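Please keep the structure in view while reading.

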Amino acid sequence: MAAPSYTFERYLQRIARYTAPAPIYYVIAFIYMDRIATTPRSEFTARYGQATKHPQYEHRREGSGKALTATAAAAAAAAAKKPLEWWEDRLYLSDLNLHRLFLSCIVVAIKFWSDNFYDNAVYGRVGGVTAEEMLALELSTLLWLDFRLLIDNDNFVCHHRTADLPTRA
């Protein structure tokens with residue numbers, strides 16, 4: 001997987017141009033991203049275990065389809081027993097996942113808070129993913145958020161003050 005050839009700011013402008021979400025949805029999407037980035041992966045795994053595996057992405061998992069050697073299996077077992085440091089137990093935002101994570105968060109925000117929204121095929125075309133991948137991203141986002149989509153007023157105001165919202169171009 002390669003990083004998109006355009007900047008994140010350009011991606012926000014593209015979403016604004018083709019789907020015209022109200023600025024409030026950007027703020028909500030950033031709040032959801034913040035929640036996801038601060039949720040420990042171990043907590044997420046304990047909650048949902050293997051239920052989040054998607055057949056479409058199984059080929060991307062390290063070692064999928066290959067038998068582990070005895071040494072690799074022993075190393076994997078030892079690593080699984082070692083407790084993670086707090087910085088190892090987080091989802092890191094990078095050029096490889098930032099665009100998709102934001103897309104899924106803004107779609108979840110729009111679908112939860114609005115009565116008028118497009119289907120996944122439209123959001124997928126705008127975001128550069130298929131409708132099926134958009135569905136998988138949306139489900140993953142809901143699972144990471146533990147379906148807790150309500151936002152308290154203080155949290156919203158704090159994020160809204162620091163937001164540099166895109167305009168339609």
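Helix α6 (residues 120-127) packs against helix α7 (residues 131-144) at an angle of about 100°, the axes lying 8 Å apart. The two helices are therefore roughly perpendicular, a class that spans 65 to 115 degrees. Helices here are DSSP runs of H or I with at least four residues, numbered from the N terminus; axes are lines fitted to C-alpha atoms over the stretch in contact, and angles run from 0 to 180 degrees between N-to-C directions. The model is predicted: local features need pLDDT of at least 70 and side-chain atom pairs pLDDT 80 or more, whereas totals for chains, interfaces and linings use all residues. Residues are numbered from 1 along each chain as its sequence is written, and side-chain values use heavy atoms, without hydrogens and water.

On the α6 side, N120, A121, Y123 and G124 meet A131, M134, L135 and E138 of α7, contact meaning heavy atoms within 4.5 Å. Helix α7 also holds T141, which is buried at 3% relative accessible area (buried is under 20%, exposed over 50%, partly exposed in between, with a 1.4 Å probe and protein chains only). Beyond its neighbours within four places in sequence, T141 contacts I36, S104, C105 and V108.

The whole structure contains six aromatic pairs, defined by ring centres within 6.5 Å. In one of them, F8 and F102 have centres 5.6 Å apart and planes at 90°, so the pair is edge-to-face (planes over 60 degrees apart). Because F8 belongs to helix α1 (residues 8-19) and F102 to helix α5 (residues 98-113), the pair ties together parts 94 residues apart in sequence. F102 is buried, with a relative accessible area of 0%. F8, Y26, F30 and F102 form one aromatic cluster.

Note on methods:
Angles under 35 degrees count as roughly parallel, over 145 as roughly antiparallel, 65 to 115 as roughly perpendicular and the rest as oblique. Rings of Phe, Tyr and Trp (its six-membered ring) pair if their centres lie within 6.5 Å; planes under 30 degrees apart count as stacked, over 60 as edge-to-face and the rest as tilted.
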